[in-house]
Amino acid sequence: MEGVDLLILGAGWTATFLIPLLQQHSDSLTFAATTTTGRPVCGVDTIPFRFDPESKDPGPIANLPRARYILITFPLTGEGQSKWLTETYEATHPRRGEKQKKYRFIQLGSTGVWQVDGRRKRHGDKGREAEREARAKAEAEEAAAAQQEQQQPPSTETKKPFHFTTRHSPYLTTDPRAIAEDELRFSSVVDGMVLSLSGLWGGSRDPRNWVSRVAYSKEAMRHKTSLHMIHGVDIARAVYKIITACEEDDKEGSEEKKWEEHGKGQRWMLTDGFVYDWWALLMGWATTEGQEDGEPSEQARWVMELMEEEGVQALPRSMELMGRAYDSREFWRTWGLVPVKARVGVNAP
């Protein structure tokens, strides 16, 4: 199979933004993409490929085309998965004297690994009944804790000072995704970097559709604080910029060596530069489009009630009050980019 510059493993939602961008710059990068069924994506035929972490058959990986950059869009978890995928790819695609010493892998990750003070959302939870039971239990526990707190004398402990979270902040090293990402970053066989993405939106992902799932009760909303987002267009621009900047750097023989300094072994944090307040967003979505004269949503009413109960005079709440804020400026500064799809609630999906 003919080699390409970029291989997209898993042409799902992200690829609906990345492939059109690559098509616009077809003279810059050649690419191929995989899906589990081989279905076309954005008019481009894809290669059937399904990563099975339980299988030790190198065949499916061996059949993939040779590429200098491999973008992994699906999550790898725990020990061994990243090692098996990358080292099998390396073993079945021997180098042919290329200038580039190692294959370069880019893993799309999640900023959830930095939620060291909160509960990390787990992937793959199924069963609406179990979900309802978990919600009811959580609400009961929160209500009991709040009542107990009211009965206890005020604490004399010093409140932990507020600080922004950056890519250099402590992260959950025991998180399954972080384990697999670190396995890639520290590989001695291939070069690997991680782009940790905040909440994904754009195209088929409209945050307004999350309201019933996120704000299902007033008590659930009471504990909703900050939200960080990144649009698919800006993810695509980030991936494209990283690859083209490193390729140009390699061709020119620059002493800076962009990949060596800013790619290999790095974990980057991607947000659109905003720290959103869930309460503010829900108030902004009090009515649906075309129903401005209608009754406000139940969630908007709950927000007003909570503002009274919690002594919040105006929205958005301060970052100190919400307690979690990501600073992703370093990525945009390093790679010479600026987000073009910021401000959820204003920009259309």
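Q: Which residues does L195 touch, not counting residues up to four places away in sequence?
A: This is a predicted model. L195 is a member of the largest nonpolar core, which has 38 residues. Contact here means heavy atoms within 4.5 Å. On that basis, L195 touches I106, Q107, L108, G109, V239, I242, W268, L270 and F331.

Q: Which residues touch the most other members of the largest nonpolar core?
A: This core holds 38 residues. Strand 6 (191-197) and helix 13 (329-335) are among the elements that give two or more residues to it. The two residues that touch the most other members are L195 and F331.

Q: Which element gives the largest share of this core?
A: Several elements give two or more residues to the core, including strand 1, helix 1, strand 4 and strand 5 (104-110). Strand 10 (267-270) is also one of them. The largest share is nine residues, and it comes from helix 8.

Q: Which residues of helix 1 are buried?
A: Helix 1 spans residues 15-24. What covers its buried residues includes strand 1 (4-9), strand 2 (31-35), strand 4 (67-72), strand 9 (229-231) and helix 8 (232-252). The buried residues are A15, F17, L18, I19, L21 and L22.

Q: Are helix 1 and helix 8 roughly parallel or oblique to each other?
A: Their axes lie 8 Å apart, at an angle of about 50°. Roughly parallel would need an angle under 35 degrees, and roughly perpendicular one of 65 to 115. The two helices are therefore oblique.

Q: How many residues of the contact of helix 1 with helix 8 are nonpolar?
A: Helix 1 brings F17, L18, L21 and L22 to the contact. Helix 8 brings G232, V233, A236, R237, V239 and Y240. One residue of the contact is polar and one is charged, and the number of nonpolar residues is eight.

Q: Is E247 buried or exposed?
A: E247 sits in helix 8. Leaving aside neighbours within four places in sequence, E247 is in contact with R68, Y69, Q100 and R104. Its relative accessible area is 9%, and the cut-off for buried is under 20%. E247 is therefore buried.

Q: What separates the C-alpha atoms of L6 and T30?
A: L6 lies in strand 1 and is buried, at 1% relative accessibility. Among the residues L6 touches are L18, L22, T30, F31 and I243. L6 and T30 are 24 residues apart along the chain, yet their C-alpha atoms are separated by 6.4 Å.

Technical notes
Residues are numbered from 1 along each chain as its sequence is written. This is a predicted model: local features need pLDDT of at least 70, side-chain atom pairs count only at pLDDT 80 or more; totals for chains, interfaces and linings use all residues. Side-chain values use heavy atoms; hydrogens and water are left out. Buried means under 20% relative accessible area, exposed over 50%, partly exposed in between (1.4 Å probe, protein chains only). Helices (H or I, at least four residues) and strands (E, at least two) are DSSP runs, numbered from the N terminus. A nonpolar core is a set of buried Ala, Val, Leu, Ile, Met, Phe, Trp, Tyr and Cys residues joined through side-chain atoms within 4.5 Å. Axes are lines fitted to C-alpha atoms, for helices over the stretch in contact, and angles run from 0 to 180 degrees between N-to-C directions. Angles under 35 degrees count as roughly parallel, over 145 as roughly antiparallel, 65 to 115 as roughly perpendicular and the rest as oblique. Ala, Val, Leu, Ile, Met, Phe, Trp, Tyr, Cys and Pro count as nonpolar, Asp, Glu, Lys and Arg as charged, and the others, Gly among them, as polar.
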